[in-house]
Structures are given as structure tokens and as C-alpha cells.
Amino acid sequence: MSIEAVIFDMDGVLFDTEKLCMDSWIAIAGERNIPDMEVFFPRCIGRNLTDTRMLFGEFYGELYDYEEFRKQASAWFHDYIEKNGMPMKKGVKELLEYLQRGGYKIGLASSTSRHSVEDHLERAGIRGYFQSLTTGDMVEHSKPQPDIYLMACKSLEVNPAQTMAIEDSPNGIRAAHAAGMIPVMVPDLIAPDQEMREKSSLICHDLLEVMRFFEK
């Protein structure tokens, strides 16, 4: 397996923000009496704003105002970050350092908006490791469609078949697999099922385990 580049997802891979986002959605849903958020939220993991808005409408119809809900949940989320800082995942800096020393190209493909991606990376002090950032507002449809990963590979000028994608969610793995990449799953909120085991080249407990793979 010849690898020239590694492209990371962000939420749930670099930062423990997937759970934080879920907590914010459930908190605001509770305040606004929006039911079944625990059921709905997992469907949105890995998707960009456009696709999430569409899913919300399909799930809830016109009973609730999505834009107002998202605004309040976002305020809850960012208030937590301001008070507590960015919750970094185990092994992030170690793996990024290792890849940089090894001469690998490093990119990011996140369904989150460019502004939020830049903000999160700067706060964590890791922006400088990434040679390219591809974000959810740069594509019409994000994961599980392969568009965002194909764009990320193009921006790094690498062959998808020689590029590892590190993902935590089923939608992300589906996108990387469809793009013809080397999908590696580091599960966060959703445990791998049979489909994920079939579409992932590797499933690791954390990013340090990914680094040990490269060391071999």
C-alpha cells in the first residue's frame, strides 16, 4: 500500500466536537420541545449545512424552524468552546508531527464551513500542518458523496488511490470509499458495522494506532 498523502476529517477525528455538537442539539431541542433529536442527529454526522437542512425538513417537516434551531445550537456550542477550549482527540499532534517529518502531504476535508474549520484549527494551534483545507461550503453535496474528497485530492495534486482518508463516521467512510481512497476509520459516536468493516482498509482505536500503522 503506497501512501503519498493523508486527508483528515475534522469533527470526531481531530476534535471531540461531534459529541459536543450532539449535546448542543439535544440541549436546544429540549428547550424548544423538538422530539427525537437523539434519533435524528446521527443521520447528520459528516454532512454539510445544505444536506443537513434538507434532512431536517424531511424528518420534521415544517413543524420547527431549522435556521433558528441551528443558530441557538451554534451559540451553545461556541459558548462551550470559549469557556473550555477546543477538545483535542488523543494522538492528533503526534500523528501530524510524524506525517510532516515523513514528507507526506496533509489535507483536511470537513463538511463544516471554512470559517469554523479555520477557527478550530487556529485555536488548537495546528493550522500550519495542513497544506490544503476543503470544506462543506465548497461543494453542493458533502459526504457520503465523494465530491469533497475528490476536490481535496485535486488540491493536494495526489492520486486518490495513494491517499489515506481518516474518518470517524459512516458517511465519511462511504465518501472516501466512493472516491477510490484508502479509508481508515477511527470510530467516535458510531461503532463500525459490517458495511464499515468492508469499506474501511483499516479500523483503529485512536490516532496513535494509525501512527503505529505507518511506523510498520
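Modeller: Start with the general idea. Two packed helices are described by the angle between their axes and the distance between the axes. Now the case here, in a predicted model. Helix 1, residues 17-31, packs against helix 4, residues 66-84. The angle is about 130 degrees, and the axes lie 9 Å apart. That angle makes helix 1 oblique to helix 4.

Biologist: What is the handedness of the crossing of helix 1 and helix 4?

Modeller: Right-handed.

Biologist: Which residues in helix 1 meet helix 4?

Modeller: From helix 1 come Thr17, Leu20, Cys21, Asp23, Ser24, Trp25, Ala27, Ile28 and Ala29. They meet Phe69, Gln72, Ala73, Trp76, Phe77, Tyr80 and Ile81 in helix 4. By class, this contact has twelve nonpolar, three polar and one charged residues.

Biologist: Now the whole chain. How many helices and strands are in the protein chain?

Modeller: Ten helices and six strands.

Biologist: How does the radius of gyration of the protein chain compare with that of a compact globule?

Modeller: With 216 residues, a compact globule would have a radius of gyration near 17 Å. The protein chain has 17 Å, so the two agree. Its C-alpha atoms fill a box of roughly 50 × 35 × 30 Å along the principal axes.

Biologist: What share of the residues counts as buried?

Modeller: Of the 216 residues, 47% count as buried. Take the contacts between residues at least 6 apart in sequence. Of these, 64% join residues at least 24 apart.

Key
Residues are numbered from 1 along each chain as its sequence is written. This is a predicted model: local features need pLDDT of at least 70, side-chain atom pairs count only at pLDDT 80 or more; totals for chains, interfaces and linings use all residues. Side-chain values use heavy atoms; hydrogens and water are left out. Axes are lines fitted to C-alpha atoms, for helices over the stretch in contact, and angles run from 0 to 180 degrees between N-to-C directions. Helices (H or I, at least four residues) and strands (E, at least two) are DSSP runs, numbered from the N terminus. Angles under 35 degrees count as roughly parallel, over 145 as roughly antiparallel, 65 to 115 as roughly perpendicular and the rest as oblique. A crossing is left-handed if the near helix is turned anticlockwise from the far one by less than a right angle, and right-handed if clockwise. Contact means heavy atoms within 4.5 Å. Ala, Val, Leu, Ile, Met, Phe, Trp, Tyr, Cys and Pro count as nonpolar, Asp, Glu, Lys and Arg as charged, and the others, Gly among them, as polar. The radius of gyration is taken over C-alpha atoms; the globule rule is 2.2 Å times the number of residues to the power 0.38. Buried means under 20% relative accessible area, exposed over 50%, partly exposed in between (1.4 Å probe, protein chains only).
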